[in-house]
Amino acid sequence: MITVAGVQPESIADELGLKPGTQVVAINGREVEDFLDWEFLSADEEFVLHVRQPDGEEIEFEIERPLDEPMGVALEPPRIRRCANRCDFCFVDGLPPGLRDVLYIRDDDYRLSFRYGNFATLTNLKAHDIERVIEYRLSPLYVSVHATEPVVRRHLLRNPTAPEIIPQLQGFAEHGIQFHTQVVLSPSVNDGPVLRRTLNDLWAFGPGVLSCSIVPVGLTEFSKHHLCREPTTEECRAAVREAESRWPAALESRGIHWVYGADELYLRAGLPLPGAGAYDGFEQVENGVGAVRWLQQRIDSAAAGFRDWAGRRIGVVTGTAMAALMPQVLEPLARATGAEFELVAVENTLFGISVTTAGLLPGQAIAEALAARPELELALLPGESVNDDGLFIDNMSVESVARQLPFEIRLSKDFADALDLPLAA
Ligand code: SF4
């Protein structure tokens, strides 16, 4: 059963009298478990909807509607599937105490993998879940493979019952499910020959594995450093070599590069990023794979819509990871806008300086770094550093950061979304 969180005025749901708190019990007699059931079972022009209103009244509606007319219902967020693993490098273990409860949830949810591209290990699937993946054709799924060798994978996941990944993927692939995969590189565990075997196995799997990324493990000051470590420059270089050596054959037989190193892998390897063409469709850009090249492309294609920012001083906030790569983005941005961009690389005061990603920057650290730059007229903050409620990871709101600064701030994911409006008067 799922609960309605909101109803769009004058929508079908509104006309039926659905309201926040209405429970959706069943569609066509099938129990509605979550948003997947709702989306798939209510996708027809005609269906029978069984609801329980907040006052307890149960009603069945016979719905008939044109396919292009949405029902107008927002559902309460699903209960997240918990992870069955205990990876040494788990980011949740690396969180400091005192953050929002939700941040300590180890999620490993095939539904969010399908819907949002979150990576899942598929180690917590029950028979019912497998049936749903197949019935609803949840494809592509984003899968954390890490290693195809079962013993190594179980060790990495600290899960002695993790099923073998290749047969598991095979079972889905027989029903047309495809996968984007990732390997989080844990040095001395799944690099070197293990990485080679993993890539061999995933490639041999066939076109059902659409891509594979290699992402260096990232640790915080709170992580289990006695159990795992970050890769060295040479280890990152070896992984880049392993990936790139496969490109000619992949291009020849599938027309794509297929295996991609994360931007951070290149950065840690001290190697230049490949050109935009090496990322094909940027399928894993949300995973930090090709983000710099993607931003450059976004700037190029949005350049005509930018306002004239000539002579303006604009700060660009980022984590220390991207700081070394950002000049490659800011230079075309300055050309397109006429503005002077100043990089504000913020150290993470909450997790420690080893956490370098922009998405985890606390609001207070951003506010303090920007307060030291009064010459700025505008600052762009990484859009991924706030949640849907506009809160940074330390619970500080965007408004509260803005109040501490003498200039305007804007959240931005790709610059194209933040440079089309003039400064507030
Ligand atoms: S799969 Fe591993 S890294 Fe991901 S949430 Fe579970 S324990 Fe953490």
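**Close-up 1. Arg 313 and its salt bridge to Glu 342 in the predicted model.** Arg 313 is partly exposed, with a relative accessibility of 31%. The N to O distance between the two side chains is 2.9 Å.

**Close-up 2. The salt bridge between Glu 377 and Arg 312.** Here the N to O distance is 2.6 Å. Glu 377 sits in the loop between helix H14 (363–371) and strand S13 (378–382), while Arg 312 sits in the loop between helix H11 (291–302) and strand S11 (313–319). The two residues are 65 residues apart, and their pairing links distant parts of the chain. Glu 377 is partly exposed at a relative accessible area of 26%; Arg 312 is also partly exposed, at 35%.

**Close-up 3. The salt bridge between Arg 132 and Asp 37.** The closest N and O atoms of this pair are 3.0 Å apart. Arg 132 lies in helix H4 (residues 127–135) and Asp 37 in helix H2 (residues 35–41), so the contact ties together parts that are 95 residues apart in sequence. Both Arg 132 and Asp 37 are buried.

**Close-up 4. The salt-bridge network that includes Arg 132 and Asp 37.** Glu 33, Asp 34, Asp 109 and Arg 111 are linked with Arg 132 and Asp 37 in this network. The model has a count of 27 salt bridges.

Terms used
Residues numbered from 1 in each chain as written. Predicted model: local features only at pLDDT ≥ 70, side-chain atom pairs only at ≥ 80, totals over all residues. Heavy atoms only, no water. Salt bridge = Lys/Arg side-chain N within 4 Å of Asp/Glu carboxyl O. Helix = DSSP H or I, 4+ residues; strand = E, 2+ residues; numbered from the N terminus. Buried < 20%, exposed > 50% of the residue type's maximum accessible area, 1.4 Å probe, protein only.
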